[in-house]
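Please open the model in your viewer and keep the sequence panel beside it. The stops below say what to select next and what is to be found there.

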Amino acid sequence: MVYGTPAAAATPPSSAASATARKPMSLHRLREMHASGEKIVMLTAYDASFARHAADAGVDCLLVGDSLGMVVQGKASTVPVTLEQMAYHTECVARGNSTAWVIGDLPYGSYQQSTAQAIASATTLMQAGAHMVKLEGGGWTAAVVQALTERGIPVCAHLGLTPQSVHSLGGYRIQGKSEAQANTLKAHAQGLSDAGASMLVLELIPATLAAEVTEMLPIPTIGIGASAECSGQVLVMHDMLGVTRGKLPRFVRNFSLGSESIEAAFRGYVAAVKDKSFPVLGEHTY
Ligand code: KIV
């Protein structure tokens with residue numbers, strides 16, 4: 001790529017044809033995939049160039065995750081990430097994207113104060129180019145989900161390990177292990193679905209619980225450390241490319257190993273989720 005060439009104009013020849021052939025992803029299409037049992041592939045993205053490669057490789061959904069606080073900004077958690085920063089990165093991803101469904105993560109403090117605050121924050125991300133917003137937690141968030149969906153803003157919910165609550169959860173640890181915790185998570189999942197959420201991320205929960213939640217809900221579940229029982233998978237891009245330093249959680253596979261390019265690594269991830277060879281029960285699950 002020539003330095004300074006807009007990412008959207010610099011499509012590699014190998015992927016250009018398939019990206020052109022693919023229709024832009026929609027909520028309708030995601031529902032069809034869920035109904036037919038086709039796995040939904042989600043990957044985080046934070047800038048135009050990687051978004052372009054991921055979308056061209058066939059990733060269905062690009063999540064502009066507030067994980068950018070850790071993998072891009074080098075912070076210790078996602079808590080310091082601001083709405084302004086999320087809007088900036090959502091704009092970058094939307095500019096590079098070709099066909100994927102773009103999800104903007106509502107950061108800590110941008111939806112907790114009131115429904116009005118949540119609507120204003122979600123509007124900011126939608127106007128930055130998101131097709132859907134994501135928010136963390138259950139219980140009180142159902143009212144927020146309902147307010148957003150009633151206003152035409154699709155919502156992806158997020159249960160299990162919710163990193164914005166890392167300080168109250170006592171670290172990045174597996175959730176829903178006890179029967180009581182599992183029952184609470186299931187009640188929250190049902191509440192979020194009833195409130196209008198179109199998708200649910202399940203992070204770091206036992207495979208059996210992920211299977212139960214996926215079975216009981218009419219909406220797709222997207223797992224991260226929650227097994228192949230989910231309707232789809234999401235990984236943090238820096239983790240699955242082997243960019244993240246240090247010990248990685250067991251649910252991560254490094255797809256860059258043996259891949260000739262970044263886009264090939266993305267294609268490997270897409271293929272492995274679609275054919276259900278990733279994640280592997282016992283190896284990547286709890
Ligand atoms: O912020 C993020 O990247 C996320 C994923 C880990 C699901 O929320």
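Select Arg250 and Tyr286 to begin: the charged end of Arg250 sits over the ring of Tyr286, 5.1 Å from its centre, where sitting over a ring requires NZ of Lys or CZ of Arg within 6 Å of the ring centre and within 35 degrees of the ring normal. This is a predicted model, in which local features need pLDDT of at least 70 and side-chain atom pairs count only at pLDDT 80 or more, while totals for chains, interfaces and linings use all residues. Residues are numbered from 1 along each chain as its sequence is written, and side-chain values use heavy atoms, with hydrogens and water left out.

Next, select Phe255, Tyr269 and Phe278, which form one aromatic cluster; rings of Phe, Tyr and Trp (its six-membered ring) pair if their centres lie within 6.5 Å, and planes under 30 degrees apart count as stacked, over 60 as edge-to-face and the rest as tilted. The structure holds four aromatic pairs, one of which joins Phe255 to Tyr269 edge-to-face, at 5.4 Å centre to centre and with 65° between the planes. This pair links distant parts of the chain, since Phe255 is in the loop between α11 (237–240) and α12 (262–274) and Tyr269 is in helix α12, 14 residues apart. Helices (H or I, at least four residues) and strands (E, at least two) are DSSP runs, numbered from the N terminus. Tyr269 also pairs edge-to-face with Phe278, at 6.4 Å centre to centre and 65° between the planes. Phe278 counts as buried because its relative accessibility is 3%, buried meaning under 20% relative accessible area, exposed over 50%, and partly exposed in between (1.4 Å probe, protein chains only).

Now move to helix α10 (residues 207–216), whose buried residues are Ala207, Leu209, Ala210, Val213 and Thr214. Why are they on the same side of α10? They cover an arc of only 160° around the axis, the arc being that of the directions from the helix axis to the C-beta atoms. The face turned away from the buried side of α10 carries the exposed residues Thr208 and Glu215. To see what covers the buried residues, show α9 (179–194), β6 (199–203) and β7 (221–224), which are among the covering elements, contact meaning heavy atoms within 4.5 Å.

Finally, colour the strands: a closed barrel of eight runs β1-β2-β3-β4-β5-β6-β7-β8, with parallel pairing, and two strands pair if DSSP finds at least two bridges between them.
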